[in-house]
Amino acid sequence: MSQYTLSINGQARSVEAAPDTPLLWVLRDHLGLVGTKFGCGAGQCGACTVQLDGQPARACLTPVSSVGSLKVRTIEGLSPDGQHPLQRAWVELDVPQCGYCQAGQLMAADALLREHPKPSDKDIDDAMAGNLCRCATYLRIRAGIHRAAQ
Ligand code: FES
């Protein structure tokens, strides 16, 4: 076991964990931040997407020992009041179906909008290709990102 101090949603959080513990389990089991979801555990689905220094990252593939001083942002840190433009668009357009993948979708979409404030369909499809949705809400996700970019 080792001690780590991580920057998570703007706060310093201390955890004790084995170095190879995935960030996903640190977030969920050690810190109670259960908005980030476990899907495949193998980097294939995107359900566990968080941001590291603003870039989307798979929390299931990120050993806690590799995080260092990178700023971790989770769905809980997307906005203090649930009123992020993407969250408003998601509600207005009824984007989720079962909802399981949507935290990861939102974190990937937020990272996209930071790089491309007015993304094209292709920008969206390219950026979101790694985030799978078993309910196939892809067209509503795309529409929600366009709505949030307005
Ligand atoms: Fe991490 Fe699927 S749970 S990519």
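**View 1. Helix α1 and its buried residues.** In helix α1 (residues 23-30), the buried residues are L23, L24, V26 and L27. This is a predicted model. An α-helix has 3.6 residues a turn, so residues three or four places apart point the same way. Strand β2 is among the elements that cover the buried residues of α1. After the helix comes G32. Its phi is positive, near 70°.

View 2. Strands β1 and β2 run antiparallel and are joined by seven bridges. Look for T5: its bridge partner in β2 is S14. Then find L6, which stands opposite R13 in β2. Two residues lie between the strands of this hairpin. At N9, phi is positive, near 50°. Is β2 largely in the open or buried? Of its seven residues, the number buried is zero, so β2 lies largely in the open.

**View 3. The open sheet.** Five strands make up this open sheet. What is their order? It is β2-β1-β5-β3-β4, and the pairing is mixed. Strands of a sheet pair through backbone hydrogen bonds, either parallel or antiparallel. The edge strands are β2 (11-17) and β4. Each of these pairs on one side only. On average, neighbouring strands of the sheet are turned by 45° against each other, direction ignored.

**View 4. Where β1 meets β5.** Strand β1 (residues 2-8) pairs with strand β5 (residues 71-73). Here the sense is parallel, and there are two bridges. Which residue of β5 is the bridge partner of S7? The partner is K71. For contrast, the pairing of β1 with β2 is antiparallel.

View 5. The protein is divided into domain 1 (2-77) and domain 2 (85-149). Their C-alpha centres lie 21 Å apart. Domain 1 gives 15 residues to the contact, and domain 2 gives 12 residues. Which elements give two or more residues to the side of domain 1 that touches domain 2? They are β3 (49-52) and β4 (55-58). The largest share of that side comes from β3, with three residues. By class, the side of domain 1 that touches domain 2 has six nonpolar residues, eight polar residues and one charged residue.

**View 6. Helix α3 across two strands.** Helix α3 (residues 102-115) lies across β3 and β4. The helix runs at about 35° to β3. Both strands also give residues to the side of domain 1 that touches domain 2. In the sheet, β4 is an edge strand.

**View 7. The buried face of helix α2.** Helix α2 covers residues 85-92. Which of its residues are buried? They are L86, Q87, A89 and W90. Seen down the axis of α2, these buried residues fall within an arc of 160°, so they line one face of the helix. Helices α3 and α5 (138-149) are among the elements that cover them. Following α2 is D94, with a positive phi near 55°.

Key: Residues numbered from 1 in each chain as written. Predicted model: local features only at pLDDT ≥ 70, side-chain atom pairs only at ≥ 80, totals over all residues. Domains from an automatic or database assignment. Contact = placed C-beta atoms within 7 Å. Helix = DSSP H or I, 4+ residues; strand = E, 2+ residues; numbered from the N terminus. Nonpolar A, V, L, I, M, F, W, Y, C, P; charged D, E, K, R; others polar. Pairing = 2+ DSSP bridges. Axes fitted to C-alpha atoms, helices over the stretch in contact; angles between N-to-C directions. Buried ≥ 20, exposed ≤ 12 C-beta atoms within 10 Å, placed from the backbone. Arc of directions from axis to C-beta.
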